[in-house]
Amino acid sequence: MAVIAGTLLCALTVLITVDVIGRKPGWFTIAWTLDAAEYTLYIVTFFGAPWVLRDRGHIAIDIFVERLPSAWRGIAAVAADALGAIVCAVLLYYSVRVWWTSYSGKVMIYESFVLPEWWVMSVAPPTFLILLVLFVRFLAERLPPRPSAGKRTKSTS
C-alpha cells in the first residue's frame, strides 16, 4: 500500500507540473487535474496510514506521557492503542455502512470523471480493518503474557 501511495504521489506531482507548464504559456490545460488531485490525495492518505502506523511513524506529542513514571507510561501506551483500536472499529463499521449505501443506491459521481461513488468509498473499509488489526497486534505485544492453563506449577508441600 505504501508503494502504491508513493507511486500515486509521484504521478500526481508530474501531472500538476505538466499542467502548470502547459497552462503558463497558454499551450494547453488538463481539465481533470483538480479532480485527479482530490482522488489521489484521498487514496494516498488511506494507503499510507497503515504503513506509517506499522512503523509507529505518526507524530506524537508526548510531553505529558514522558513526565509519567515508567509504569504509567506503559498504561498510557496500552490505553492509546486500545483507543486507536476502538476508533478504527467504529470507523470500519461506518465506512462499510456508507460503502453499502453507495453501492446499493447506485450513486454516481459526475465531475470530470463519471464513476460509481462506491469505487471511491472502497478504499476506507480495508484500510480501517488493517489499522484495527495493527492496533490489536500492538495491544497483544504490550500486554503481559497470560499463564498457560496446561502448565502446572510445582507446589511446595
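Me: How are α1 and α2 oriented to each other, roughly parallel or roughly antiparallel?

Reply: Two packed helices are described by the angle between their axes and the distance between the axes. In this predicted model, the axes of α1 (residues 2-23) and α2 come within 8 Å and cross at roughly 155 degrees. The two helices are therefore roughly antiparallel, a label for angles over 145 degrees. Axes are lines fitted to C-alpha atoms over the stretch in contact, with angles from 0 to 180 degrees between N-to-C directions. Helices are DSSP runs (H or I, at least four residues) numbered from the N terminus.

Me: Which residues of α1 and α2 make the contact?

Reply: Contact means heavy atoms within 4.5 Å. On α1 the residues include L8, L12 and D19, and on α2 they include A36, F47 and W51. By class, the contact has 15 nonpolar, three polar and one charged residues, with Gly counted as polar and Asp, Glu, Lys and Arg as charged.

Me: How many residues has the largest nonpolar core?

Reply: In soluble globular proteins, nonpolar side chains tend to be buried together. A nonpolar core is a set of buried Ala, Val, Leu, Ile, Met, Phe, Trp, Tyr and Cys residues joined through side-chain atoms within 4.5 Å; buried means under 20% relative accessible area with a 1.4 Å probe, protein chains only. Here the largest one has 17 residues. Its largest share, seven residues, comes from α6.

Me: Which residues does C88 touch?

Reply: C88 touches F128, L131, L132 and F135, not counting residues up to four places away in sequence.

Key
Residues numbered from 1 in each chain as written. Predicted model: local features only at pLDDT ≥ 70, side-chain atom pairs only at ≥ 80, totals over all residues. Heavy atoms only, no water. Buried < 20%, exposed > 50% of the residue type's maximum accessible area, 1.4 Å probe, protein only. Parallel < 35°, antiparallel > 145°, perpendicular 65-115°, else oblique.
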